[in-house]
Amino acid sequence: MDAALSSSMALPSFQPRNSLSKVSIFQRVTTSTNLIPSWASSTKPNNTLSLVSPNPAFTSKFPSFLRCSTKPDTSANSETHNKPNDEPSSVSKAPESESEAFSSSSSSSSSSSSSSASHSSSSSRGLVLDLGPSNSWDSADIGSPVVKRFLSDEEERWYMWYHGKPKGHPSKDLMGLAISSNGVHWERGGGPARSSSDVGFVMNCGKDWWAFDTDGIRPSEMVIMSSSRVRASSAVYWLYYTGYGSEKVEFSDHSLEFSLENPDRCCLVDDGVNYCGSNGKVFKSLPGLAISQDGRHWARIEGEHHSGALIDVGSGKEWDSLFISSPQVVYHGNGDLRMYYHSFDVEKGHFAIGIARSRDGIRWVKLGKIMGGGKTGCFDEFGAMNACVTMRNRSDGNYVMAYEGVAADGRRSIGMALSPDGLKEWVRLQDEAILMPSDKGCWDDKDVGSPCLVQMDTEANEWRLYYKGVGNGGRAGIGMAVSEGRDIGSFKRWTGFLV
């Protein structure tokens, strides 16, 4: 790990109290883990640690971690990780049989060629993860890819956390994990990841009535912690995610040519059944944090907001008063973490990206809006959202932001901006998008967004861009594009390995 990122940053000491935490990964309650006195409260408890794990081995070890006072190293967000033992365990067997609503059939390989046989090679160009089978947890919608690459002397491993939504009414956004040896062909699971070596569904919505994430969760960023004072296999994963509640936000702007909604929903029609869900509605969302020792079994960490979220929406006429979404966190240095998030600026009438800073990754201070709408007629005229920020290279320290741009008609494309300090001096790289929707008839001919950048080679400046694509039929998938030469402003969809 780079020396610049190995500066110590003390983990906070979590002190859960005044609550009975229940463990749940599916629509059922599994064995409880009592970290605190086992009595229930009729009011919202303070500073609760909610465990989301069916793995007794994990929950029994976790209290010792919560009292850990070691100073961990922190990884760069989107770069290749070179410590082999900092990665989760690889898949060894299929999930155990389940009796819940979703299938827990053995994990399967999915790629542009194997996951959707009905697509021709030209219409599926760039597609690396399609919808899951009809009885799986991710059969109606997928997106929000968070991709990490791990290198060792023996192998190369890739991990993708993403959100999925099952068919049926009602259904909610959940979070799952897929793995790969090359970042192209992915192994996924139709049911829950039951152990630290499984793939599949790994995190459910919050169960507490007062929580901010009871109606949906979507991953935004994974910050990987490790410590030289403990064994390398004790790496800790910090997941920043968006949580959606049932509180509907009243909004009306008839000047928009598209329907504002939060979260964005794909309107999938399959066998005559419409799986649009809550299309066209704006629900309040807030950022949350969960931690894990294996990337699969998660413990929620409560923030200072009464709902357990890290920060609240703005008040009155502030630009982020409707909702806060996609909290993408970058470790800049010791005691300096930056969170990039988006909302809809009602006064300006466009999506916008803002920034907050923190010393410990839990308590945050907002700094304001850093990017709004683009030029008239451009692909991002009505704003920017779903930012992915990383450092371009270590020599000049420039920051790169890939973001989802919204056109006047609501169409989504991916753009790029640069900043010397990652704070407020952001300049768009160009007026054109770096990735547009494909030609008509392709799997992603309607929208492309939710970008995730992975730097492959620092010297050659090679990048991969993972993204969510949507077709005009409402079918969603996760795609991949690669940078062309040293030009970070030009990406083309993946077509295959060169031989």
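Me: At its relative accessibility, does Ser 144 count as buried or exposed?

Reply: Buried means under 20% relative accessible area, exposed means over 50%, and partly exposed is in between (1.4 Å probe, protein chains only). Ser 144 has 12% relative accessibility, so it counts as buried. The model is predicted, so local features need pLDDT of at least 70 and side-chain atom pairs count only at pLDDT 80 or more, while totals for chains, interfaces and linings use all residues. Residues are numbered from 1 along each chain as its sequence is written, and side-chain values use heavy atoms, with hydrogens and water left out.

Me: Where is Ser 144 found, and what is its phi?

Reply: Strands (E, at least two residues) and helices (H or I, at least four) are DSSP runs, numbered from the N terminus. Ser 144 is in strand β5 (residues 141-151). Its phi is near 50 degrees, a positive value in a residue other than glycine. Ser 326 also has a positive phi, of about 55 degrees, although it is not a glycine. Ser 326 is placed in strand β16 (residues 325-333) and is buried, with a relative accessible area of 13%.

Me: Which residues have the most contacts inside the largest nonpolar core?

Reply: A nonpolar core is a set of buried Ala, Val, Leu, Ile, Met, Phe, Trp, Tyr and Cys residues joined through side-chain atoms within 4.5 Å. The largest one here has 45 residues, and those with the most contacts inside it are Met 203, Trp 238, Tyr 240, Trp 298 and Trp 364. Strand β11 (residues 236-248) supplies the largest share of this core, six residues. Another core, of 22 residues, lies apart from it and includes Leu 131, Ala 178, Ile 478 and Trp 494.

Me: How many salt bridges does the rule give?

Reply: A salt bridge is a side-chain nitrogen of Lys or Arg within 4 Å of a carboxyl oxygen of Asp or Glu. The count by this rule comes to 20. One of them pairs Arg 475 with Asp 130, with the closest N and O atoms 3.2 Å apart. Arg 475 is in the loop between β25 (462-470) and β26 (476-484) and Asp 130 in the loop between β4 (127-129) and β5, so the pair ties together parts that are 345 residues apart in sequence. Arg 475 counts as partly exposed at 34% relative accessibility, whereas Asp 130 counts as buried at 2%.

Me: What is the distance between the closest N and O atoms of Arg 493 and Asp 444?

Reply: In this salt bridge the closest N and O atoms are 2.9 Å apart. The pair links distant parts of the chain, 49 residues apart: Arg 493 is in strand β27 (residues 487-493), and Asp 444 is in the loop between β23 and β24. Arg 493 counts as buried at 14% relative accessibility, and Asp 444 is buried with a relative accessible area of 0%. Elsewhere, salt bridges that share partners join Asp 264, Glu 404 and Arg 412 into one network.
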